[in-house]
Amino acid sequence: MDFYRSQTPEDSKRALPIVACGVSRATMPLSGTHWPVLLLSVTLREMPTSGIYDFLIVGAGLFGATCAYELSARGQNCLVIEKRRHIGGNCFTEPRDGITIHRYGPHIFHTSDERIWTWIRQFATFNHYRHRAKVNLHGKIYSFPLNLATFNELWGITTPNDAKAHLDSIAIPNIDVSDLEGWALSKVGSEIYHKFIKGYTSKQWGCDPSCLPASLIKRLPIRLSYDDSYFVDPYQGIPIGGYTPIIEKLFARCRVLTNVDYLRSKSELDRSARHVIYTGPLDAFHEFRFGKLDYRSLCFSHELLETNDFQGIAQMNYPSQSIPYTRIIEHKHFEFGCQPVTWISKEYPASLKDGEGEMYPIPDKDNMERANKYKERSKDSYFRKYSFGGRLAEYRYYDMHQAIGSALHLVKMLVSNQSLT
Ligand code: UDP
């Protein structure tokens, strides 16, 4: 049966169609030339299943890979099961024409935790990239996230004090700031909200911003200086050569099977290990008994262009609702590439059904209540064989450094509980 089959060398060379909401745009073969830990042609049926592994790790994304590395470094025997045909989850990158492509959207590493920065740099050299974006609104380019340059472009304002006075005069007082729309209006007023936020957010999340929690936009700074950097963290950069080589190193001492659906063979896979670390969707694990958790997804259109520089920056946002995508990523800028060609990716927000997998948990009231019910159920002693972690299993909008921090914490707990050596 097909779902028992793990990735074969033939799979890894097969051309992967690049789709934009179902429309085939180009082909980009999976690289597959340097995946020593993955090229396993066994089937699960051929595997001995009675507790030969210390840990079964479900999901080969960053959370699972961090656990796998830390556990195998402590002598634990780990089996990793991944539903997709490749490792790395949404951090997966692959080289094309000398350019590292972030296959599922841009991943910029940033953290203020020196411990996590030191940890990740064991596996890659990071460059000095600092993330900046621009907004293209009806052909005019604005500085983003909102800063003094944006206020100058909008209103001709040149000083922090004038910007503050103007924002104070247009911010809408005494409104409910718990939802995204109210919070934005209370900070920057109607003009900025309608130009930069309402359209982008409605496209991104597939609903009106008044139905979303303010936490989603609080990720973005509003600055009264000309500082236009996306993140404030002292440690930032892009791993030279991308994230997939990091993930390969993290799995170097494990057995990894791709193209295997854990939930379809759960009981036999569970028997293969003493403990299971599950990083897939929380609701699916519990057979949706409290209802489905909503996820927002994306479709990507990856395009090779015969020009050396398409947009002059890694990220250009398109907040207008008349444009179906939210942003265009030009990958070469993450590594300061000088190639004669360029690869760009347009991001089309999509429902889970139409997109390329679960990408964003939607932290509104209903979903959070449902997620909490699932989390409570997971704590039942009946599930003591399982640990849950990562963006999907914790139903949390994790950035990469948070996923690593949470995985390191889990391993620490497992080590202290089970006296691993
Ligand atoms: N956002 C916006 N306009 C933009 C960019 C972002 O209104 O031009 C809002 C939108 O609601 C988005 C949130 O800010 O979901 C967080 O943006 P971020 O760039 O952090 O999103 P991510 O990179 O995680 O998709």
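## Contacts across the chain

Here, contact means heavy atoms within 4.5 Å. With that in hand, consider the pairs in this predicted model that have a separation of 6 or more: residues 24 or more positions apart account for 73% of those contacts in the chain.

The chain holds 11 helices and 18 strands. Of its 421 residues, 57% are buried.

## Helix 4 and helix 5

Let's turn to a pair of helices. Helix 4 spans residues 148-155 and helix 5 spans residues 160-170; their axes come within 10 Å and cross at roughly 70 degrees. Angles of 65 to 115 degrees count as roughly perpendicular, and the two helices are therefore roughly perpendicular to each other. The crossing in which helix 4 passes helix 5 is left-handed.

On the helix 4 side, the contact is made by Leu148, Phe151 and Trp155. Helix 5 contributes Pro160, Ala163, His166, Leu167 and Ile170.

## A glutamate in a loop

Next, have a look at Glu356, which sits in the loop between strand 16 (342-351) and strand 17 (360-361). Is this residue buried or exposed? Its relative accessible area is 17%, and the cut-off for buried is under 20%, so Glu356 counts as buried.

Two partners are worth checking in your viewer. Leu298 is 58 residues away from Glu356 along the chain, yet their C-alpha atoms are separated by 6.0 Å. A polar atom of the Glu356 side chain also lies 3.3 Å from the backbone nitrogen of Phe300.

Note on methods:
Residues numbered from 1 in each chain as written. Predicted model: local features only at pLDDT ≥ 70, side-chain atom pairs only at ≥ 80, totals over all residues. Heavy atoms only, no water. Axes fitted to C-alpha atoms, helices over the stretch in contact; angles between N-to-C directions. Helix = DSSP H or I, 4+ residues; strand = E, 2+ residues; numbered from the N terminus. Parallel < 35°, antiparallel > 145°, perpendicular 65-115°, else oblique. Left-handed = near helix turned anticlockwise from the far one by under 90°. Buried < 20%, exposed > 50% of the residue type's maximum accessible area, 1.4 Å probe, protein only. Polar contact = N/O pair within 3.5 Å; in protein donor to acceptor, adjacent residues only side chain to side chain.
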